[in-house]
Amino acid sequence: MLRYINVRSSQRSEFIDITEKINEVIKEAGIVSGICYVYVPHTTAAVTINEGADPSVHRDIQNALTRLVPQEMNYSHREGNADAHIKSSIIGTSQLLIIDEGRLVLGTWQAVYFCEFDGPRHRRVTLKLIADK
Ligand code: ZN
């Protein structure tokens, strides 16, 4: 089954923890065991899994990406968001996750982050949920 999560970013670059939103969708769908494919259908956003307890980690990731891909450079794409497109491709727009006991299987310190690189915007995350049986 296909489900959607709405995400509203409030900054140009921002990591938003969507782990519990995904778990709510899994619970509502009644899936106990299976697979959850998380897909971001945007060209200037991404999804990643990383440290969920200490927010300094995702700030460091954002800062490192900005050092790698500065906002202002001699880009061909003239919309002013070329950096956001590049960051989206570096991080990637999907993650495949395991569902067990009605929840995502994640390590103790892991969280699923929606990565905004050209906010603030309203965004949508697509979830494909596949139950074992
Ligand atoms: Zn663009």
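## Exercises on a salt-bridge network and a zinc site

D118 and R12 form a salt bridge in this predicted model, with 3.7 Å between their closest N and O atoms. The two residues sit in distant parts of the chain, 106 residues apart: D118 in the loop between β7 and β8, R12 in the loop between β1 and β2.

**Exercise 1.** Find which residues are joined with R12 and D118 into one network of salt bridges.

*Solution.*
1. Start at R12. D83 also forms a salt bridge with R12, the closest N and O atoms being 2.9 Å apart. D83 lies in helix α3, so this pair ties together parts that are 71 residues apart in sequence.
2. Move to D118. Its side chain meets that of R121 in a salt bridge of 2.6 Å, N to O.
3. Collect the shared partners: R12, D83, K87, D118 and R121 belong to one network.

**Exercise 2.** Decide whether D83, D118, R12 and R121 are buried or partly exposed.

*Solution.*
1. Buried means under 20% relative accessible area.
2. D83 has 1% and is buried; D118 has 12% and is buried.
3. R12 has 23% and is partly exposed; R121 has 35% and is partly exposed.

**Exercise 3.** Name the residues that coordinate the zinc ion and classify the site.

*Solution.*
1. The donors are H77 (NE2), E79 (OE), N81 (OD1) and H85 (NE2), at 1.9 to 2.2 Å.
2. Their spacing in sequence is H-x1-E-x1-N-x3-H.
3. The angles among the four donor atoms run from 88 to 157°. Tetrahedral would require all angles to lie between 85 and 135 degrees. The site is irregular.

Terms used:
Residues are numbered from 1 along each chain as its sequence is written. This is a predicted model: local features need pLDDT of at least 70, side-chain atom pairs count only at pLDDT 80 or more; totals for chains, interfaces and linings use all residues. Side-chain values use heavy atoms; hydrogens and water are left out. Donors are N, O and S atoms within 2.8 Å of the metal (3.2 Å for Na, K and Ca); water is not among the atoms, so sites may look incomplete. Four donors count as tetrahedral if all angles lie between 85 and 135 degrees; four count as square planar and six as octahedral if opposite donors are over 155 degrees apart and all others between 65 and 115; anything else is irregular. A salt bridge is a side-chain nitrogen of Lys or Arg within 4 Å of a carboxyl oxygen of Asp or Glu. Helices (H or I, at least four residues) and strands (E, at least two) are DSSP runs, numbered from the N terminus. Buried means under 20% relative accessible area, exposed over 50%, partly exposed in between (1.4 Å probe, protein chains only).
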